[in-house]
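Let's take a friendly tour of this protein, with an eye on its nonpolar surface and its aromatic rings. Have the viewer ready.

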Amino acid sequence: MSASCKRTINACFVGYVVQAIVNSFVPLLFVTFQSQYSIPLSQITVLITFNFALQLLTDFAAAFFIDKIGYRTAALLAHGFSALGLLSLTFMPELAGNPFVGLLISVALYAIGGGLLEVIISPIVEACPNEHKERTMSLLHSFYCWGCVAVAAVSTLFFTFIGIEHWKYLAILWAMVPVANGLVFIKTPLYPLIAEGEEQFSLGRLFKSKMFWLLMLMMVCAGASEQAVSQWTSAFTEKGLGIPKELCDLVGPMLFSVLMGTSRALYGKYGDKLELRKMMGFCALLCVGAYLMISLSGSPVLSLIGIGICGFSVGVMWPGTFSTAAGVMKGGGNAMFAFLALAGDLGCSGGPTFVGLVAEAVGDNLKLGILAAVFFPALMALLVFLRKQKKETM
């Protein structure tokens, strides 16, 4: 692999760290927002839904404008919106008059950045001229996990030694990451996704493909299976398991993210010795078991173990579906990746929203909310089986 290609891939690795900051920093503050701004659980749920719903809309729009503005411009916009959204958390709740409205504005800004990152990072790496693309894709997505780990670890240390009441200073520090990586993307080399002489599918051809829609549904399940637990882990460990705030952000989100990143890193290293389809089917079934352990166990220790197993099991789902699509639908191009990102973000929005709504309906019981969401990994297992039966052609 050339040095220029490595530089591009490394910038994309950090790009997924930025997305991890966007998606995982604010959930650590859900309980703080409830007390500081008197925001009920139903409005906290709206913050989650709004974040991923706007990312979803950005994904959809990107399918029509990415080719026009190019990946470099899109990368700069993505990092700019991410930084602005994080910075606005420090003043927008007070400036807007209504703290909830202010938080929504901040979420809107970084959600646009996160949506663009989801659309562009994977195809930029896919376009790089390197071998073992499936392994590289899995390793790429592991950096989202390591970013989540860094957010949880650094934030926990900050809250412990400086105080959670000073969380706004931490938001400013996290905003510097997209600022720095955006500067890197100004000159990092980018490569064409569609090789010279290769035909790019039209949107009509994509929409007529049954394989495309099966992969879209797999992405919905991958996003929902991951975020239905991930977005509620901090609140679940603090309120559902009675773990103190100083520890819940560490033992919950970090455990989930470390094991999710580990599964992706392991596949990135040893993926050539494993069949991706079988690995995804096994992980989907393992995820079902993890959901049941989290929600049905009366032991806090077993529930935490279930959270860890869940993190490990969902690791391969998202990058595995991306790699599958790139392999079986060559020529799908930017539009295919944008719509797959859209489907994934639809799952990311729907999964935790579903958990929150069910939990609120049964007396803020997050265990029952997570139990209801076992539908998503179960459907993922079924879809992997159906793909095995389906001939992988256009």
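This report covers a surface patch and then the aromatic pairs.

## The model

Please keep in mind that this is a predicted model.

## A nonpolar patch on the surface

If you colour the surface by residue type, look for Leu76, Tyr169, Ile172, Met176, Val179, Leu183 and Ile186, which form a nonpolar patch with about 640 Å² of accessible area together. Helix H7 (residues 167-184) supplies the largest share of that patch, with 5 residues.

Tyr169 sits in helix H7. This tyrosine is exposed because its relative accessible area, 57%, is over the 50% cut-off.

## Aromatic pairs

The model has 16 aromatic pairs. In one of them, the ring centres of Phe207 and Phe339 are 5.4 Å apart and the planes meet at 75 degrees, so this pair is edge-to-face. It links distant parts of the chain, since Phe207 belongs to helix H8 (residues 203-207) and Phe339 to helix H15 (residues 333-361), 132 residues apart. Phe207 is partly exposed at 36% relative accessibility, whereas Phe339 is buried at 5%.

Another pair joins Phe322 and Phe337: their ring centres lie 5.6 Å apart with planes at 25 degrees, so the two are stacked. Phe322 is in helix H14 (residues 317-328) and Phe337 in helix H15, so this pair ties together parts 15 residues apart in sequence.

## A ring cluster

Phe207 and Phe339 also turn up in a cluster: ring pairs link them with Phe60, Phe64, Phe212 and Trp213.

Conventions: Residues are numbered from 1 along each chain as its sequence is written. This is a predicted model: local features need pLDDT of at least 70, side-chain atom pairs count only at pLDDT 80 or more; totals for chains, interfaces and linings use all residues. Side-chain values use heavy atoms; hydrogens and water are left out. Patches are made of residues with over 30% relative accessible area and no salt bridge: like charges are joined within 9 Å, nonpolar side chains (Val, Leu, Ile, Met, Phe, Trp, Tyr) within 5 Å. Accessible areas come from the Shrake-Rupley method with a 1.4 Å probe; for residues, only the protein chains shown count as cover. A salt bridge is a side-chain nitrogen of Lys or Arg within 4 Å of a carboxyl oxygen of Asp or Glu. Helices (H or I, at least four residues) and strands (E, at least two) are DSSP runs, numbered from the N terminus. Buried means under 20% relative accessible area, exposed over 50%, partly exposed in between (1.4 Å probe, protein chains only). Rings of Phe, Tyr and Trp (its six-membered ring) pair if their centres lie within 6.5 Å; planes under 30 degrees apart count as stacked, over 60 as edge-to-face and the rest as tilted.
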